[in-house]
Amino acid sequence: MRLPSLTRPRSLAGQLFAMQAVLIAVVVAGYALFTYVSDRRQAEDAAARQATAVARSIADSPAVRAAIRTPDPTAPLQPYALKVTRDANVDFVTIMSPDGIRWTHPDPRQIGKRFLGTTAPARAGRTFTETYTGTLGPSVRAVTPVTDGGRIVGLVSAGITVDRISERLQDQVTALLGVAGGALLLGAVGTYVVNARLRRHTHNMNAAELSRMHDYHQAALHAVREGLLMLDGQYRVALINDGGRELLGVGVGEEDEVVGRSVAGLGLPAPLTGALLSSRPRVDEVHPTASRVLVVNTSPVSGGERRGTVVTLRDVTELQSLMGELDTERGFSQALRSQAHEAANRLHTVVSLIELGRCEEAVEFATAELELAQALTDQVVAAVGEPVLAALLLGKTAQANERGVELVVSPDSRLDDGLLAGGPPARDLVTILGNLIDNAVDAAQGSARARVTVTAYAPAAGLVLRVADTGPGVEPGHADLVFQRGFTTKPAGPGGRGLGLALVRQAVTRHEGTLTVTDAAPEGGAVFEVRLPLRPAPVAAEGGAG
């Protein structure tokens with residue numbers, strides 16, 4: 001069984017078109033009616049003025065007064081009245097006695113009969129006009145007295161029929177209807193064009209669908225945990241959700257402060273601002289802010305012209321930290337693999353010496369290797385008792401050694417175990433020190449005396465981490481640029497360059513520390529120094545049984 005389809009509500013554009021068409025039709029019809037009534041009133045007023053002028057001119061004629069004095073006024077007045085009727089373009093001229101008995105009339109049969117209409121004001125000596133239905137039908141007429149020596153000797157009435165007035169209005173009405181029809185047609189065409197454009201913009205949806213879509217849009221916008229940012233063609237913020245405000249750290253708790261502002265005025269880091277202002281799409285670009293690491297994707301809004309950009313933001317701060325730790329662990333494993341390889345070579349050497357009967361030389365060789373490895377471990381552990389940093393330094397030492405760089409811990413270093421209990425988390429310390437060492441090893445590799453010196457100590461209420469290298473150093477103009485995401489003086493690697501020092505500055509800023517870079521004199525190279533505040537570690541409360 002086939003169910004009958006429900007009629008879809010008219011689209012918003014269709015509803016507006018119907019409403020506007022009806023409104024235009026009502027306005028045009030009202031204007032036409034008003035114009036017709038106004039023109040008819042003007043035509044009646046003009047007819048009244050014309051009739052008054054004709055009646056007065058007849059009443060003032062000496063020939064009319066002389067004819068009235070004759071025994072038979074009709075004989076001279078009837079031809080005169082007919083001639084004036086033709087020449088003055090009126091429908092009738094009636095000359096009558098003061099009592100209203102007609103002496104003239106367009107219809108000779110009406111002569112001698114009483115005039116149909118009001119005559120009292122004229123008998124009182126006053127000219128007046130009225131619309132009255134007489135023998136010729138409804139007419140606009142004027143009645144005026146004929147005086148002779150101060151005495152009223154007759155009355156004159158001149159008039160124009162309403163039919164004649166209507167005929168005069170016919171041409172005006174025809175022109176009016178043409179203008180009204182043209183206005184209605186023009187309004188309908190204009191309304192259709194406007195609503196066709198509106199239909200394209202609203203995708204032919206009705207008001208209920210638009211309202212429902214807006215509700216869904218608002219709900220989805222606030223439900224998405226990722227940051228969503230929409231920019232218009234002038235790179236102003238057109239829309240931003242709660243996640244975007246939180247990730248960018250702008251306008252949190254303020255509804256409309258960010259919307260309408262330019263991206264360049266949001267106070268974001270320069271590399272991130274550049275990515276948002278770029279006209280080309282960006283895919284999975286990593287950008288650190290003051291407290292987060294964001295993955296940024298941008299896509300221009302299609303439509304044949306630059307309408308704006310859609311930006312999505314993902315917070316990968318924790319992921320980036322875990323990746324840093326993973327890289328450190330990967331470095332440890334590579335160092336252990338290399339050391340295992342070297343240990344196997346040394347073990348083969350010891351076994352070969354024993355097989356050759358040179359036991360004393362075998363013992364001496366093995367003991368020397370053990371003492372060298374133990375001395376390195378003792379040096380690092382004695383200087384840095386904090387286990388995470390000690391393990392990091394041992395692993396980085398092996399990695400640097402493989403790349404031909406000597407990594408040493410300065411004799412000034414002193415970090416006892418438990419001293420950093422009130423300081424930054426171990427994860428952030430690994431991010432800071434690990435990236436500084438990696439950067440220093442990259443810079444020192446290939447130099448005449450490839451060395452990286454690490455200094456770590458904790459003065460009063462603070463932690464100092466200093467990494468010096470023997471590389472080419474940092475140009476004075478690049479002292480601040482080296483900490484920006486994407487800046488590097490080295491060739492781009494498979495994983496990208498210019499992110500490590502940006503992550504270092506982010507972690508230092510998050511813990512309210514300072515990060516500086518200076519030249520290493522006299523050996524050359526660069527010195528990166530980090531100072532982080534330390535808070536007193538909580539002391540366990542002492543207690544006992546009473």
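Which residues of the largest nonpolar core touch the most other members? They are I432, L433 and V452, within a core of 36 residues, where a nonpolar core is a set of buried Ala, Val, Leu, Ile, Met, Phe, Trp, Tyr and Cys residues joined through side-chain atoms within 4.5 Å. This is a predicted model, in which local features need pLDDT of at least 70 and side-chain atom pairs count only at pLDDT 80 or more, while totals for chains, interfaces and linings use all residues. Residues are numbered from 1 along each chain as its sequence is written, and side-chain values use heavy atoms, with hydrogens and water left out.

**Overall make-up and confidence**

- The secondary structure of the protein chain comes to 13 helices and 14 strands, taken as DSSP runs numbered from the N terminus (helices are H or I with at least four residues, strands are E with at least two).
- Of the 546 residues of the protein chain, 38% count as buried, where buried means under 20% relative accessible area, exposed means over 50% and partly exposed lies in between, with a 1.4 Å probe and protein chains only.
- Among contacts (heavy atoms within 4.5 Å) between residues at least 6 apart in sequence, 56% join residues at least 24 apart.
- The chain averages a pLDDT of 76, and 76% of the residues score at least 70; pLDDT is the predictor's confidence in each residue, from 0 to 100.
- Over residues 491-497 pLDDT stays under 50, and the model has six contacts beyond four places in sequence for them, while over residues 539-546, where pLDDT also stays under 50, the model has zero such contacts.

**The largest nonpolar core**

- Two or more residues of this core come from each of α11 (387-402), β10 (406-409), α12 (426-444), β11 (451-457), β12 (462-469), α13, β13 and β14 (526-533).
- The largest share of this core, eight residues, is given by α12.
- Leaving out residues up to four places away in sequence, I432 touches L465, V504, A507, V508, V530 and L532.
- Apart from this core lies another, of 24 residues, with A47, A55, V64 and V146 among them.
- In soluble globular proteins, nonpolar side chains tend to be buried together.

- T431 lies in helix α12 and is buried, with a relative accessible area of 14%.
- Neighbours within four places in sequence aside, T431 is in contact with L503 and V504.
- In α13, the residues L501, A502, L503, V504, Q506, A507 and V508 are buried.

**Strand β4 around V156**

- V156 has its place in strand β4 (residues 151-161) and is buried, with a relative accessible area of 0%.
- Not counting residues up to four places away in sequence, V156 touches A55, I58, A59, T94, I95, A142, V143, T144 and V146.
- V156 and M96 are 60 residues apart in sequence, yet their C-alpha atoms are 6.4 Å apart in space.

**The cavity**

- The structure holds one cavity of 30 Å³ or more, a cavity being a set of points, on a 1 Å grid over the protein atoms alone, where a 1.4 Å probe fits but cannot get out.
- About 90 Å³ of space lies in the largest cavity, the volume being the space filled by probe spheres set on the points, which are joined across faces, edges and corners.
- Its lining, made of residues with an atom within 4 Å of a point, consists of F92, T94, R102, H105, F115, L116, G134, T135, L136, G137, S139 and R141.
- The elements that give two or more residues to this lining are β1 and β3 (137-148), and the largest share, three residues, comes from β3.
- By class, the lining has four nonpolar, six polar and two charged residues, with Ala, Val, Leu, Ile, Met, Phe, Trp, Tyr, Cys and Pro counted as nonpolar, Asp, Glu, Lys and Arg as charged, and the others, Gly among them, as polar.

- Most residues other than glycine have a negative phi.
- N89, although not a glycine, has a positive phi of about 60°; N89 is placed in the loop between α3 (74-88) and β1 (92-96) and is partly exposed, with a relative accessible area of 41%.
- E512, also not a glycine, has a positive phi of about 60°; E512 lies in the loop between α13 (500-510) and β13 (514-519) and is exposed, with a relative accessible area of 63%.

Note on methods:
On a 1 Å grid over the protein atoms alone, a cavity is a set of points where a 1.4 Å probe fits but cannot get out, and a pocket is an open set with protein on both sides within 12 Å along at least five of seven lines; lining residues have an atom within 4 Å of a point.
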